[in-house]
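User: Could you help me see where some structural terms come from? I would like to set each one against its definition.

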Amino acid sequence: MSSTGATADPLAALGSLPGVAESVETVRKSVDRVYGHRIMRRRSTEITSEAALRGSRGSAALSGADWALEEVRRRSDFGVDDEARVVGAALRLTAEAGQLLSIWRQSPLRVLARLHLVAAAGKEDRVGRPRQAGEPVDEPLIELPLPSADEVSGRLDGLAELIVAGSSAPALVTAAVVHGELLALRPFTSHNGLVARAAERVVLIGSGLDPKSVCPAEVGHAELGRAAYLAALDGYVSGTPEGMAAWIAHCGRAVELGARESTAVCEALQRGAA
């Protein structure tokens with residue numbers, strides 16, 4: 001994460017970038033719209049489950065496994081080929097994210113290690129820890145220069161310190177920074193995109209913005225498309241105020257679209273109950 005100036009709360013400083021406050025407010029209204037739906041008050045568990053499925057599908061699509069929703073819903077074997085393994089990893093991560101909320105604020109690096117372990121579902125020594133010098137990274141869809149293992153270690157420690165210290169920044173800003181930093185660093189030897197999006201989910205749930213996890217940002221990221229996702233990430237990596245603001249706005253739009261998706265699910269359930 002690039003600095004916007006010396007401050008005790010650099011995340012909060014990002015909230016003052018041009019356009020960010022507007023994104024935060026728009027996201028809040030979108031989330032409130034879902035939570036205020038009368039179907040949510042009666043059938044929130046169903047909405048949460050459907051949002052988890054759709055979010056997993058969206059995250060997998062951004063990692064190269066763009067399956068139809070009904071195919072994800074239908075399948076039970078996710079170990080037969082590379083795409084199936086990506087979808088399976090996305091589903092496992094979504095299920096795991098909600099179990100790690102109490103740990104995140106005290107030990108974010110422990111949570112990230114756990115997320116990678118769940119995604120990779122392997123036992124080799126590279127799983128569940130940041131990559132070491134000389135270890136390759138399997139993340140073909142992100143072609144940014146790869147930071148060194150030493151830089152990864154230092155920036156992960158810095159990110160963890162920000163999370164543990166707490167911030168007055170809006171949840172959207174913190175979630176966007178966590179997501180962007182993990183994509184920029186690619187700290188693990190594989191599954192970095194899936195882990196980054198799962199970490200974004202953890203922040204959005206744990207912050208109280210989306211406590212029932214019914215506004216899957218992954219749906220929005222996938223709907224906006226991989227090209228827009230990578231272009232916005234370039235802005236984050238640039239470290240400029242404009243680039244950072246553009247990335248935060250992109251993440252905000254993704255949450256809005258996730259909220260819209262769940263609003264549509266609510267409407268469909270309401271029609272079915274009529």
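Predicted model: local features only at pLDDT ≥ 70, side-chain atom pairs only at ≥ 80, totals over all residues.

User: How do you know that the span of helix 12 is close to the expected one?

Analyst: A helix here is a DSSP run (H or I, at least four residues), numbered from the N terminus. The expected span is 1.5 Å times one less than the number of residues. Helix 12 has 13 residues, 226-238, and reaches 18 Å between its first and last C-alpha, close to the 18 Å expected.

User: Which residues of helix 12 are buried, and what puts them on the same side?

Analyst: Buried means under 20% relative accessible area (1.4 Å probe, protein chains only). In helix 12 that applies to Y229, A232, L233, G235 and Y236. They lie on the same side of helix 12 because they cover an arc of only 150° around the axis, taken from the directions from the axis to the C-beta atoms.

User: What makes L93 a contact of L115?

Analyst: Contact means heavy atoms within 4.5 Å. Leaving aside neighbours within four places in sequence, L115 meets that with L93, L100, V195, A198 and A199.

User: Which helix gives the largest share of the lining of the largest pocket?

Analyst: Helix 5 does, with five residues.

Key:
Residues numbered from 1 in each chain as written. Heavy atoms only, no water. Helix = DSSP H or I, 4+ residues; strand = E, 2+ residues; numbered from the N terminus. Buried < 20%, exposed > 50% of the residue type's maximum accessible area, 1.4 Å probe, protein only.
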